[in-house]
Amino acid sequence: MKNKIKIERAIHNLTQAELAEKIGVSRQTINAMELGKYVPSTILALKIAKLFGKNVEDVFQLEDEE
Amino acid sequence: MRTSLLFSHRYKIWGILMSLTGLLFTFLSTYGEVQLKLLELRSEQKSKGFFEMPINFTDEIACLILIVGLLLLGFSAEKKEDERISQIRLNALQWAMYLHYILLAISIIFIHGIYFLNILFLNVFLPLIIFIIRFHWIIFNENRRLLNEK
């Protein structure tokens with residue numbers, strides 16, 4: 001699964017730590033997501049999208065194999 | 001893994017202390033013949049067979065303390081519990097199971113007779129220990145990666 005978290009983070013001028021704080025997860029989680037090592041739960045994905053003011057599909061995209 | 005099945009983070013330090021104490025005394029009493037006078041059984045009552053009471057409870061108590069300590073250490077919640085930590089915990093549990101049974105299979109093949117009893121004894125604690133090591137190793141690596149990135 002591809003994600004645009006890093007891009008959106010840059011647009012909103014947030015560090016990983018700040019984003020983690022706002023969402024209520026650890027910084028490891030944000031980092032793992034950005035590196036593609038972790039697929040977030042639905043709730044987490046929705047929270048992140050909501051924080052960035054975007055739709056979930058704008059931030060997270062299914063890859064072709066999935 | 002549901003957070004409600006985990007112990008509070010406060011218990012982690014107890015887990016460490018109990019594990020180390022238990023580990024020390026388990027090996028001392030089993031292999032070093034150390035017995036604590038404190039844990040001597042006073043009565044002369046002895047039932048035969050499976051439930052025969054030992055005179056001294058040092059090794060039994062030590063093993064129990066070790067088991068409880070490892071459980072507390074392994075299953076106390078992190079300071080910040082989130083879904084990533086749950087996933088890591090699950091991964092570490094799987095690893096522990098696989099590695100434990102692979103090692104057991106290898107020792108079944110290569111170790112026989114009375115020496116195998118030592119392996120069986122280690123088997124009581126090995127899954128928990130592997131799990132604890134693997135879990136904290138992953139967390140350590142992730143933290144280190146974070147530090148490098150910042």
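How many salt bridges are there between chain A and chain B? The count is zero, where a salt bridge is a side-chain nitrogen of Lys or Arg within 4 Å of a carboxyl oxygen of Asp or Glu.

## Basis of the model

This is a predicted model: local features need pLDDT of at least 70, side-chain atom pairs count only at pLDDT 80 or more, and totals for chains, interfaces and linings use all residues. Residues are numbered from 1 along each chain as its sequence is written, chains are lettered from A and ligands numbered from 1 in the order in which they are written, and side-chain values use heavy atoms, with hydrogens and water left out.

## The interface

Chain A brings 17 residues to the contact and chain B brings 11 residues; contact means heavy atoms within 4.5 Å. About 1,300 Å² is buried between the two chains, with carbon and sulfur atoms giving 47%. Buried area is the accessible area (1.4 Å probe) that two parts lose on being put together, summed over both. In chain A, the most area is lost to chain B by A:Arg27, A:Gln28 and A:Tyr38, together 43% of what that side buries.

Six residue pairs are in polar contact across the interface (both at pLDDT 80 or more). Such a contact is a pair of N or O atoms within 3.5 Å; within protein, one must be able to donate a hydrogen and the other to accept it, and residues adjacent in sequence count only if both atoms are side-chain atoms.

On the side of chain A that touches chain B, α2 (16–23) and α3 (27–34) are the elements giving two or more residues. Helices are DSSP runs (H or I, at least four residues), numbered from the N terminus. α3(A) gives the most, with five residues.

## Helix against helix

α3(A) packs with helix α5 (residues 126–149) of chain B at about 75°, their axes 10 Å apart. That makes α3(A) roughly perpendicular to α5(B), a label for angles of 65 to 115 degrees. From α3(A), A:Arg27, A:Gln28 and A:Asn31 make the contact. α5(B) supplies B:Glu142, B:Asn143, B:Arg145, B:Leu146 and B:Glu149.

## Salt bridges overall

Over all chains, the count comes to six salt bridges. One pairs A:Arg9 with A:Glu34, the closest N and O atoms being 2.6 Å apart. This pair links distant parts of the chain, 25 residues apart: A:Arg9 lies in helix α1 (residues 5–11) of chain A, and A:Glu34 in helix α3 of chain A.

Key
Axes are lines fitted to C-alpha atoms, for helices over the stretch in contact, and angles run from 0 to 180 degrees between N-to-C directions. Angles under 35 degrees count as roughly parallel, over 145 as roughly antiparallel, 65 to 115 as roughly perpendicular and the rest as oblique.
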